[in-house]
Amino acid sequence: MTNVQMNLRIDEDVKRKMDATAAALGTTSAAAMNIFARQFVAVGGFPFDVKVPRSSEVPRIDRGKLYQAERMRDGSPVLPSEWRDQEGDIYDDLA
């Protein structure tokens, strides 16, 4: 098979880190790109999951999924029975 040259542009910092990572694995960035290309062809796409990066923002809360306590006449919440402290000792250290 005849080899051909492929040119691509990549961020300088990413290239430097790729070179270092490849060297740590005992190979080169060019060999790593060749391995990637062969795997890309072999699996018919990316040889790893490609996902949208998570945002650094706090995700929105779906308030419809939050626990909504029943209320007594005076407005105080009625908690589920499984939340009750049966032994009465959970909050003893807080007093």
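This tour visits the salt bridges of a predicted model, one selection at a time.

A search of the whole structure returns three salt bridges, and the stops below take each in turn. Begin by selecting helix H1, which spans residues 12-24, and display the side chains of Asp13 and Arg16, both of which lie in that helix. These two residues form a salt bridge whose closest N and O atoms are 2.4 Å apart, and they stand three residues apart, about one turn of the helix. Colouring by accessibility shows Asp13 as partly exposed, with a relative accessible area of 28%.

Lys17 is exposed, because its relative accessible area of 52% lies over the 50% cut-off.

Next, move to Lys15 and Asp19, which form a salt bridge with closest N and O atoms 2.7 Å apart. Because these residues are four apart in helix H1, about one helical turn separates Lys15 from Asp19. Lys15 counts as partly exposed at 35% relative accessibility, and Asp19 is likewise partly exposed, with a relative accessible area of 30%.

Note on methods: Residues are numbered from 1 along each chain as its sequence is written. This is a predicted model: local features need pLDDT of at least 70, side-chain atom pairs count only at pLDDT 80 or more; totals for chains, interfaces and linings use all residues. Side-chain values use heavy atoms; hydrogens and water are left out. A salt bridge is a side-chain nitrogen of Lys or Arg within 4 Å of a carboxyl oxygen of Asp or Glu. Helices (H or I, at least four residues) and strands (E, at least two) are DSSP runs, numbered from the N terminus. Buried means under 20% relative accessible area, exposed over 50%, partly exposed in between (1.4 Å probe, protein chains only).
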